[in-house]
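Please keep the sequence and the 3D view open while you read.

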Amino acid sequence: ARDQRHERALIAVGVGEDFGGRCVDRQNQPVAGATVYVGSAGVRVGTSPFWRACYADCGKRDTTDADGRYTIDALDPTLVFKLLVVAGGYRPAVIAKVDPQERPTLETTLEARPIPDDPTRVVRGQVIDPYGRPAAGALVEPHGCENATRRWWGRMPGVDSLAVTDQQGRFAIVCNEPVLGLDLKVEARGAVRKARAHLAAHPVL
């Protein structure tokens, strides 16, 4: 009986679901060169002892073609996924509860977000993994801010709520007003969640 259960489990994992999609802008024009990552996953039914970013499918990626299309191959049919989309000149997109069985294709609209010339309105950084390599697809979330008059935590209107690192592990968080620094939470595949206090410019996390 144990061998039969093991065989069924191997078959379930081996039969993957291909997932495709398209990225467009607000004018419904294709966004070429966007990177789409599998950021995390969770079981479709019940609970799992695994951390959400530790599944084998996490880290899979593809880059959109000239028509904005991408394909991620052979996703585990027992899981649902969170996808992360990064493209230069656009706000990162996070797409939760993607189920390739229920919806094998998806169109995502990206919002333009130019980087301002004023360096005091942009907090930049790079995330590296425990082996010193760039951590692509890491989530960077501001949770505190300091400007010329005060420092606070919690709700921060006018500050990007989330950034996703590119293939070099780099990110940029845009603020509507000048800031002295941000407090950040960083979550990357294969690493514990880390908090970084008062990030001003160009550090390695």
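## A walk through the model

With a relative accessible area of 45%, Asn 28 is partly exposed; here buried means under 20% relative accessible area, exposed over 50%, and partly exposed in between (1.4 Å probe, protein chains only). Asn 28 sits in the loop between strand E1 (17-24) and strand E2 (35-43). Its phi is near 65 degrees, a positive value in a residue other than glycine.

Before going further, a word on where these values come from. This is a predicted model, in which local features need pLDDT of at least 70, side-chain atom pairs count only at pLDDT 80 or more, and totals for chains, interfaces and linings use all residues. Residues are numbered from 1 along each chain as its sequence is written, and side-chain values use heavy atoms, with hydrogens and water left out.

**Confidence and overall make-up**

The pLDDT is the predictor's confidence in each residue, from 0 to 100. Its mean over the protein chain is 84, and 85% of the residues reach 70 or more. Which elements of the protein chain have the lowest and the highest mean pLDDT? Helix H1 (residues 2-14) has the lowest, at 37, and strand E4 (residues 69-75) has the highest, at 94. Over residues 1-14 the pLDDT is below 50, and this stretch has 3 contacts in the model beyond near neighbours in sequence. A contact means heavy atoms within 4.5 Å.

The protein chain has 1 helix and 14 strands. These are DSSP runs, numbered from the N terminus: helices (H or I) have at least four residues and strands (E) at least two. Of the 205 residues in the protein chain, 40% count as buried. The accessible surface comes to about 11600 Å², and 50% of it belongs to carbon and sulfur atoms; such areas come from the Shrake-Rupley method with a 1.4 Å probe, and for residues only the protein chains shown count as cover. Among contacts in the protein chain with a separation of 6 or more, 64% are accounted for by residues 24 or more positions apart.

Two strands pair if DSSP finds at least two bridges between them. The table lists the partners of E9.

A hairpin through 4 residues joins E9 to E10. In the loop between E10 and E11 you will find Leu 162, which is partly exposed at 25% relative accessibility. The C-alpha atoms of Leu 162 and Val 140 are separated by 5.8 Å, although the two residues are 22 apart along the chain. Leaving aside neighbours within four places in sequence, Leu 162 is in contact with Pro 92, Val 94, Leu 139, Val 140, Glu 141 and Pro 142.

Is Asp 183 buried or exposed? Asp 183 is buried, with a relative accessible area of 2%. This residue belongs to strand E13 (residues 181-187). Its side chain makes a polar contact with the side chain of Trp 153, at 3.0 Å. A polar contact is a pair of N or O atoms within 3.5 Å; within protein, one must be able to donate a hydrogen and the other to accept it, and residues adjacent in sequence count only if both atoms are side-chain atoms.

Lys 97, in strand E6 (residues 93-98), is exposed, with a relative accessible area of 73%. The phi of Lys 97 is near 55 degrees, a positive value in a residue other than glycine.

**The cysteines**

How many disulfides does the structure hold? There are 0 disulfides, a disulfide being a pair of cysteine sulfur atoms within 2.5 Å. The cysteine sulfur closest to that of Cys 145 is in Cys 175, and because the distance is 5.8 Å, it is too far for a bond. Cys 145 is buried, with a relative accessible area of 1%, and Cys 175 also counts as buried, at 1% relative accessibility.
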